[in-house]
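Good morning, everyone. Please look at the screen while I walk you through a fold, from sheet to helices to core.

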Amino acid sequence: MAMCSMVLKEAISYYVNHGSSVFCVFLDATKAFDRVQYCSLFDKLLDRNVDPLFLRIMVIIYTGQLVKVLCNGVYSQNFPVVNGVKQGGILSPVLFCICIDNLLLTLRQTGVGCFLGSWFVGTLAYADIIMLMSPTATAMRQLLALCDEFAVKFDVMFNASKSKCMLFCPRKTYKYAAMRTPDLSIGGSNIEFVEKWPYLGHMLI
């Protein structure tokens, strides 16, 4: 968490100190862990050459789950869980990151967004917290469009109402830029601009 926050702050500082604005979009993935598709997850683990014995254990654990609901003191019948990684599970954040790794690679391959030297820092992810960073609104729209495509393909739901955008810019252009914030959207809905927002336990202002 601390490393992710440090990279974000250093990237913002670098661009602002060199006279460039920075758009940061904090994407909220609704019930991200619950929507993980098992077939997609296990395919990605196979692609990473995970030990077959370990993978077989994972398949048994996840596809063999039965749960029941307690309501007013009455239990429902058992029913299978067909998707999602365990909330609070030690492996769950890692498995979710594996699921969205293709999105992060696709965003990097665009060649747009923020860079520190040759290092792409246009997207930072920690578990289900995804942040996009770009020096221009046009580039940010391109990154958001790729997120929309990924969401449709892999049944991820980005919630625009809980997602936020911040604009960082040099002091001499701040007042002018703040009055002309562009429309940025995810899932067909506009993302709200805010003046401060918490990111991994750190308040950005």
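Let's start with the sheet. Five strands form an open sheet, in the order β8-β9-β1-β10-β13, with mixed pairing. Strands here are DSSP E runs of at least two residues, helices are H or I runs of at least four, and both are numbered from the N terminus. Two strands pair if DSSP finds at least two bridges between them. At the edges sit β8 (123–126) and β13 (192–193), each pairing on one side only.

A word on the source. This is a predicted model: local features need pLDDT of at least 70, side-chain atom pairs count only at pLDDT 80 or more, and totals for chains, interfaces and linings use all residues. Residues are numbered from 1 along each chain as its sequence is written, and side-chain values use heavy atoms, with hydrogens and water left out.

β10 and β13 pair in the parallel sense, over two bridges. Lys164 stands opposite Glu192 in β13.

Now the helices. α4 lies across β8 and β9 and runs at about 165° to β8. Angles run from 0 to 180 degrees between N-to-C directions; axes are lines fitted to C-alpha atoms, for helices over the stretch in contact. Contact means heavy atoms within 4.5 Å. α5 also packs on the sheet, touching β1 and β9, and its direction makes about 150° with that of β9.

Next, a helix pair. The axes of α2 and α3 come within 11 Å and cross at roughly 170°. So α2 is roughly antiparallel to α3; that term covers angles over 145 degrees. On the α2 side, Tyr38, Phe42, Leu45 and Leu46 make the contact. On the α3 side, the contact uses Leu55, Met58, Val59, Tyr62 and Thr63.

What about the core? A nonpolar core is a set of buried Ala, Val, Leu, Ile, Met, Phe, Trp, Tyr and Cys residues joined through side-chain atoms within 4.5 Å. Buried means under 20% relative accessible area (1.4 Å probe, protein chains only). The largest core has 44 residues, and Val25, Leu27, Leu132, Leu144 and Phe158 touch the most other members. Which helix gives the largest share of this core? It is α5, with nine residues. There is also a second, separate core of 20 residues, including Leu8 and Val22.

Ser92 is buried, with a relative accessible area of 1%. Beyond four places in sequence, Ser92 contacts Phe33, Tyr62, Val85 and Lys86.

Conventions: Buried < 20%, exposed > 50% of the residue type's maximum accessible area, 1.4 Å probe, protein only. Parallel < 35°, antiparallel > 145°, perpendicular 65-115°, else oblique.
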